[in-house]
Amino acid sequence: MKICLVVDDSRVVRKVARRILEGLDFEIAEAGDGMEALVFCRAAMPDAILLDWAMPVMDGLEFVRRLRQEPGGEAPVVVFCSSENEPDRISEALEGGADEYIMKPFDGDIIEAKFAQAGLL
Amino acid sequence: MDNLVSDFVCEAADSLGGLQSGLARLAVDRSDRAALVEIQRRLHGLKGGCGFVGFNRAEALAHAGESLLAAVSNSPGPVSAAAIAPLGAMIERLGELFALAAETVGEPAGDDGALVALIEEAAVGLRGVRADFQPSEIKPAGLNAAAIVSERRVHAPWSGLDALARSLGDRLGKRIELMTGGDDLRIDPAAIPALRTALIALVRNACDHGVESPAERRAAGKPSRAILRLSVHLRGDGCAIELADDGRGIDPELIRQHCIAQGRIDAATAARLDEGELQAMVFAPGVTTAHTVTALSGRGLGLELVRREIEALGGAVELTSSPGCGARFLMRLPASVLATAAARGRVAA
């Protein structure tokens, strides 16, 4: 079973993501900020990471940049999500190492389509 | 889902606490940029959550608040007093709303129009200050399609179209998501500008004219979020690129009436045109798929431009549409636009 790490400071968002991704047969791990996520990844690299932008302690952009420097950190497919509509921010995320981008609020169809596109399903 | 709403209301209470203390810090020291950043982060998180539980009032308030905060953070110097009061009123209203929501486990009804307008006015006021300050920095968000697309990594003619669709949707009050899929193929760099121009015009056309307002979509039994699907496939010697939307479609009868009204064809000729021929007419100069000319409208030039660009590449474009269900634009392009090894192999063979 593939593992997806859901990184978001909102428990509500993590819960929604968990429901959707469990339905797509992922095993779910959760982290409340970028630092927690980095600690998780150092112990066990997940197959996919659903990543929020604005978080306390370490934001999503900083996390993905640091992840990509870690040994094995190139492997996970990182899907960035934010309610931002700013194209600058999207390109910043992609240049920082994210593979895909989705907008909040997401739903099952969007996640399924983007994960399929990213070769995760 | 009730459980999710309860979780959200608890989390919202926490966010509100953060917002209140942030604003209190800012009221004491209006140069406290760290407090401003904290308020922005809290409000952004809160707004993100609203979308998942359908709290539309709170989302609209938070959205207005974010515009004001963006204007505040872009203004030089200490935070303007004109911004503090509307933010305070917003936090207070959100507090009332969430207190009721905790009892009813749902968003209470109410009208925040006046408060949203007040917050937005404050934002506009601050942006005005900034416009005088550094006019070159003001970007018409969502309008400069080519700039938006070129800002992103450019690998393919369709890179960045998803961001463009979202920006246009945001500007038009519609929720639009663009998905890309199909074969992994590369376009010859020489063909990219023409193809990009055509795709941008098609995406704009779909966002502006194809996709209905969320209310119209709900009334038609569709999800309020519209999906544009861009698919790219190797086909024969060349490739096929299709952009399909799930919007209102293009009614052949409207095209017929439009062509007659413009004196393009006479009524007798128009009566003889079949559906396919009428759909081909949308690519003629001056024909528009718009019901009304909007701020973003191509004013009838969009699809003609698409046809010209695609024909210049040696390709062809056609429309198929069923009214109410959406429109599909199919572009067929020759092998000369491809840069993939597969295509080169095929051409050589």
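In this predicted model, chain A and chain B meet at an interface in which 32 residues of chain A are in contact with 30 residues of chain B. About 3,000 Å² of area is buried between chain A and chain B. The structure also holds seven aromatic pairs, counted over all chains.

**Extent of the interface**

- The size of an interface is often given as the accessible area lost when the parts come together.
- Of the area buried between chain A and chain B, about 3,000 Å², carbon and sulfur atoms give 55%.

**Salt bridges and polar contacts**

- Four salt bridges are counted between chain A and chain B.
- A salt bridge joins the side chains of A:K15 and B:D7, with a distance of 2.4 Å from N to O.
- Seven residue pairs are in polar contact across the interface of chain A and chain B, with both residues of each pair at pLDDT 80 or more.

**The side of chain A that touches chain B**

- The elements of chain A that give two or more residues to this side are the helices α1 (11-23), α4 (87-95) and α5 (108-117), together with strand β5 (100-103).
- By residue type, this side of chain A divides into 16 nonpolar, ten charged and six polar residues.

**Aromatic pair in chain A**

- Among the seven aromatic pairs of the structure is an edge-to-face pair formed by A:F26 and A:F115, at 5.6 Å centre to centre and with 85° between the planes.
- A:F26 belongs to strand β2 (residues 26-31) of chain A and A:F115 to helix α5 of chain A, so the pair ties together parts that are 89 residues apart in sequence.
- A:F26 is buried, with a relative accessible area of 4%.
- A:F115 is likewise buried, and its relative accessible area is 0%.

**Aromatic residues in chain B**

- B:F283 and B:F329 form an edge-to-face aromatic pair, at 6.0 Å centre to centre and with 85° between the planes.
- B:F283 lies in the loop between α12 (275-281) and α13 (302-312) of chain B, while B:F329 is in strand β5 (residues 326-333) of chain B; the pair therefore ties together parts that are 46 residues apart in sequence.
- Both B:F283 and B:F329 are buried.
- One aromatic cluster is formed by B:F8, B:F55 and B:F98.

Technical notes:
Residues are numbered from 1 along each chain as its sequence is written. Chains are lettered from A and ligands numbered from 1 in the order in which they are written. This is a predicted model: local features need pLDDT of at least 70, side-chain atom pairs count only at pLDDT 80 or more; totals for chains, interfaces and linings use all residues. Side-chain values use heavy atoms; hydrogens and water are left out. Contact means heavy atoms within 4.5 Å. Buried area is the accessible area (1.4 Å probe) that two parts lose on being put together, summed over both. A polar contact is a pair of N or O atoms within 3.5 Å; within protein, one must be able to donate a hydrogen and the other to accept it, and residues adjacent in sequence count only if both atoms are side-chain atoms. Helices (H or I, at least four residues) and strands (E, at least two) are DSSP runs, numbered from the N terminus. Ala, Val, Leu, Ile, Met, Phe, Trp, Tyr, Cys and Pro count as nonpolar, Asp, Glu, Lys and Arg as charged, and the others, Gly among them, as polar. Rings of Phe, Tyr and Trp (its six-membered ring) pair if their centres lie within 6.5 Å; planes under 30 degrees apart count as stacked, over 60 as edge-to-face and the rest as tilted. Buried means under 20% relative accessible area, exposed over 50%, partly exposed in between (1.4 Å probe, protein chains only).
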